[in-house]
Amino acid sequence: MTAEVLACRDLSVSWEPGRPPTLDGVALSLAAGERVALVGLNGSGKTTLLMALVGLVPHRGEIRICGERLSRRSAPRLRRQVGFLFNVPEDQLLLPTVIEDVALGLVRDGAAPPAAAERALATLARLGVAHLAAEPVHHLSHGQKLRVALAGALVAEPPLLLLDEPTAGLDPPGRGALSELLAGLDAAQLIATHDLELAERLCSRVLLLEGGTLGRDELGPSAIRTSWGADRGRPEPAAGAGLDSGGLE
Amino acid sequence: MRVEWHTVWGSARGPLTRLAPPVRLVCAACAFAACLLAPAASGGGVAVVALVVLLWWLLCRPPRRLARGAALLGLALFVPYLALAPLIRAEVPGGGWSDALAAPWAVALRGWSTMQVGIASAATLSPVDLRLALDRLPVPRVVAAVLLQIIHQTATLMAETRRIAAALVVRAAAGGTRSRLRVLSSLPRVWLPRVAARAERVAAAMELRGYPGGALPPSAAPALRAHDLLATALAMAGLAAVIALRLLGAA
């Protein structure tokens, strides 16, 4: 039996009392190395689910990362097992230059700065943005920020990746390259996306989040397209992240 | 005249930029303190402040556009304090104009001069230099991390503000004056929730990425050279002279 890298049961998030919960009794699991797409219309709770899975929003229910239960005490340690790409990548760039930002996770975990910088540079090269290493993060375009943020999530080679709209705002060659890169990683991946082509190409399962629940698990992208309807079903993967909720849904 | 926040940092080309980053920061602190401590009521004190600002501009050589912008912004912010003089005079029976002007003048002079020194100093330090400087100086790591993050996020915040303002301008352009006023008055209500939401997301990212994780990892600071030590000594001597001038003036 393959080890579970991520599992949650009865996960619920409610932002306002008296209103329907954003997430209602969600259950899912990811095996090691498995790639799963999480799709849903705008405001369906995809970002909230990803944030809840690392304990960043108040929630009820049980979450396990690499077999260990997520709690207030275990969260800082377990989060080191997770590479997280935020919906708005700019939000997660915390240091002045690209190379420093990408190396942050490694240096924080005790790596010597030169070795960390070398690994960070190699990760940036995999994403095709090694030439940006010395750039201040504020000089980057949205697509470049996204790649840098992704490099920061990948650099420590965590066993689990939670990616929120990784292709939003990327040009078509960039989307293709990213898809190939993600396909070559050993980490388990939960990818919240509107890009059904990416989901189809990359993921073994597609989960549809609707009405706060993962009610119709294991649907294929074509069934989801049909379910969304012809007029609204075709998502726009090239659109900016700002079209979505822009953060906490 | 618009100056981008992130282009201010490290934009200067003066001789001071050749000093080690911590020395630049120490010299800046001395110049800043000199402007604050010089006796604003005496001619000598005003001359000292003017000299410090002029010297500091020459040593830092920030871009002209920035220097001009800083000077004008400083005047716009601090000259209105002088308008308090008539109110102060009315409160003090028998008081002359010089007495009434003393406090507003001191605020205006100190505010304007420290602002010039602060902005010119920022122009000598790139964010990386600032981090090196804070690492080398006896500043608690957490304080340094928070300070760096404030500077880093200010750029993001200003970019966000510009985007909101641009959207408001574009959307109000089609309407008349009333429509523009309505849009303008809605700016705080649009801006605040967006900034608050961004702050929440950044806080979540910091928590997730373990920033600063108790302490920001140390960076490789360059060794100090002879001219760094000389500059530090001169800056401290200058500050000591200003303190002496103040004490002598008070005596």
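Residues are numbered from 1 along each chain as its sequence is written, and chains are lettered from A, with ligands numbered from 1, in the order in which they are written. Because the model is predicted, local features need pLDDT of at least 70 and side-chain atom pairs count only at pLDDT 80 or more, while totals for chains, interfaces and linings use all residues.

Taking contacts in chain A between residues at least 6 apart in sequence, 70% join residues at least 24 apart; two residues are in contact if their C-beta atoms, placed from the backbone, lie within 7 Å.

As for sheets, two strands pair if DSSP finds at least two bridges between them. Five strands of chain A line up as an open sheet in the order β6-β7-β8-β3-β9, with parallel pairing. Its edges are β6 (82-85) and β9 (205-208), each of which pairs on one side only. From one strand to the next the twist averages 15 degrees, where axes are lines fitted to C-alpha atoms (for helices, over the stretch in contact) and angles run from 0 to 180 degrees between N-to-C directions. At the β9 end, strand β3 (residues 35-39) and β9(A) run parallel and share 4 bridges, with A:V39 bridged to A:L208 in β9(A).

Antiparallel pairing also turns up in chain A. Strand β1 (residues 4-13) meets strand β4 (residues 60-65) over 5 bridges in the antiparallel sense, and A:A7 sits opposite A:R64 of β4(A). β4(A) is also antiparallel to strand β5 (residues 68-69), over 2 bridges, and here A:R64 faces A:R69 of β5(A). β4(A) and β5(A) make a hairpin with 2 residues between them, and A:C66 in the turn has a positive phi of about 50 degrees.

Helix α5 (residues 142-154) of chain A deserves a paragraph of its own. Because 11 of the 13 residues are buried, α5(A) is largely enclosed by the rest of the structure. Among the buried ones are A:Q144, A:K145, A:R147 and A:G152. The cover over the buried residues of α5(A) includes β6, α3 (98-108), α4 (113-126) and β7 (160-164) of chain A.

Chain A splits into domain 1 (1-66 + 159-239) and domain 2 (88-157), with bounds that come from an automatic or database domain assignment. The two meet through 8 residues of domain 1 and 8 residues of domain 2. On the domain 1 side, helix α6 (residues 172-183) gives the most, with 3 residues. That side has 5 nonpolar, 2 polar and 1 charged residues; Ala, Val, Leu, Ile, Met, Phe, Trp, Tyr, Cys and Pro count as nonpolar, Asp, Glu, Lys and Arg as charged, and the others, Gly among them, as polar.

Chain B is built from 11 helices and 0 strands. Buried residues account for 31% of its 251 residues. Of the contacts in chain B between residues at least 6 apart in sequence, 81% link residues at least 24 apart. Its domain assignment gives domain 1 (5-137 + 223-250) and domain 2 (141-209), whose centres, taken over C-alpha atoms, are 29 Å apart. Domain 1 puts 6 residues into the contact and domain 2 puts in 8 residues. On the domain 1 side, α1 (5-8) and α7 (127-136) each supply at least two residues, and α7(B) has the largest share, 4 residues. By class, that side has 4 nonpolar, 1 polar and 1 charged residues.

Finally, the two chains touch: 23 residues of chain A are in contact with 25 residues of chain B. On the chain A side, α3(A) gives the most, with 4 residues. The chain A side holds 14 nonpolar, 5 polar and 4 charged residues.

Key
A residue is buried if 20 or more other C-beta atoms lie within 10 Å of its own, exposed if 12 or fewer, and partly exposed in between; C-beta atoms are placed from the backbone.
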